[in-house]
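Here is a short briefing on one protein chain.

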Amino acid sequence: MKKAVALIAILTSFCLHAASPEGKKVVLKNAHVVARVTGVPMEGENFPCPNNTAQDYDLHGTDLGMFWAIKDGKYGIFFGDSSGEGFKTFSNGGNGSNWRSNVLAYSSDTDLSDGLTIDGMAVDDEGKAREICLGGKGNQNPSDYFTSIPTSAVKAGKLDCVHYMNIHNWAGKHGRWPTHFSSLYVSEDDGASWRRAKEVTFGPESHFSQVAYGKKGGMVYMIGCWSGRGDDGYLARFREKDILRMDRYEYWNGSRWVKGDENAAAPVIKGPVGEASLLWQEELKRWILTYTCDPKLDENPIMDHQDILYLSTEDITSWNGPRQVLSVGNYRGMYGGYMHPLSAKGDKLYYMLSFWRPYNTFLCVADFSLE
């Protein structure tokens, strides 16, 4: 009961401020958990739970939950490392049987005020949620651990694409998660089947090992960083039709766009940045970025515990610093903050949060305005 009460309390007083270039501020108020999305409710938990992912898809424990718009009111949701039957809540993250590095859900729910309903998932022959980006289960050398974790997804032209990082160690130095590479999987049938797109591959030292995609005016922008939570944020862009043409990617060097040379990219956001989500808010005419910040990796931390930070700007090449954070009180291990595409319009910011010890995902909401 105490654990569930703590979870309810963490989002009751969320108010974030990020200054815009004109001096106005994007203000978020009245933030709270709307509903549980995955897993089984804990004893004493009072959140709505419109899905039974454990029974329906053998999805008992998972995290992340990044959204993108597929088409015609259909949305995709990529989750991270996922556990099946035998999963134990509050047992240090992922555990249990049927480990999958990632799984994919679909939703056509456009009224999120009472929670998010999952219509279905990509499943295997047994009806269980299946792995999309090849992870540890496909490794031919069991002694060489790796898992493939989605970082962002986007509809680019006719392709649905997910960027992922192939991690071989969760305990790297300076907040990094060492990778073999980062790459894309793509779908040409609205998210039903997927293939690896090797033509887009970032090396283990790339500042685009982990990215957040955002779309505006026929362009895809991406904020990137090393995999982990210890890097600054870097910026690149490309036309939607060129997502598989790395030679046409342009990188912001601090004063201009440089084509085809990711080493030219300069930081646009002071770190530490991790698990970012990027959105162009059409009515406020602002870019919005949410990300996980670990104060242990910050030379001048503005909080004493891991938190979700928030930024906004009109000009994606120039960002102001975060003004406030989401306090977690006595409940630690919050991360993510992936925004739903429906937040691009209206005055509600819907986003997905993960909590480490329950190791599941929750839909949250905040009111926002420009003041």
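Accessible areas come from the Shrake-Rupley method with a 1.4 Å probe, and for residues only the protein chains shown count as cover. On that basis the chain exposes about 15000 Å², with carbon and sulfur atoms supplying 47% of it. This is a predicted model, in which local features need pLDDT of at least 70, side-chain atom pairs count only at pLDDT 80 or more, and totals for chains, interfaces and linings use all residues. Residues are numbered from 1 along each chain as its sequence is written, and side-chain values use heavy atoms, with hydrogens and water left out.

**Overall build**
- The chain has 21 strands and 2 helices; both are DSSP runs numbered from the N terminus, with helices H or I of at least four residues and strands E of at least two.
- Of its 371 residues, 58% count as buried, meaning under 20% relative accessible area (1.4 Å probe, protein chains only).
- Among contacts with a separation of 6 or more, 54% join residues 24 or more positions apart; a contact means heavy atoms within 4.5 Å.

**Largest pocket**
- A pocket is an open set of points on a 1 Å grid over the protein atoms alone, where a 1.4 Å probe fits, with protein on both sides within 12 Å along at least five of seven lines; lining residues have an atom within 4 Å of a point.
- The largest pocket holds about 570 Å³ of space; a volume is the space filled by probe spheres set on the points, which are joined across faces, edges and corners.
- Its lining has 26 residues, and W68, A69, K215, L279 and P341 lie nearest the centre.
- Two or more lining residues come from each of β3 (64-71), β7 (147-156), β11 (210-216), β16 (267-281) and β19 (334-339).
- The lining counts 18 nonpolar, 3 polar and 5 charged residues. Nonpolar covers Ala, Val, Leu, Ile, Met, Phe, Trp, Tyr, Cys and Pro; charged covers Asp, Glu, Lys and Arg; the others, Gly among them, are polar.

**Second largest pocket**
- This pocket has a volume of about 410 Å³.
- It is lined by 27 residues, with D63, W170, Y335, W356 and Y359 nearest its centre.
- β7 and β19 are the elements giving two or more residues to this lining, and β7 gives the most, with 3.
- By class, the lining has 11 nonpolar, 12 polar and 4 charged residues.

**Cysteines**
- The whole structure contains 0 disulfides, taken as pairs of cysteine sulfur atoms within 2.5 Å.
- C293 is buried, at 2% relative accessible area.
- C364 is also buried, at 0%.

Methods: Buried < 20%, exposed > 50% of the residue type's maximum accessible area, 1.4 Å probe, protein only.
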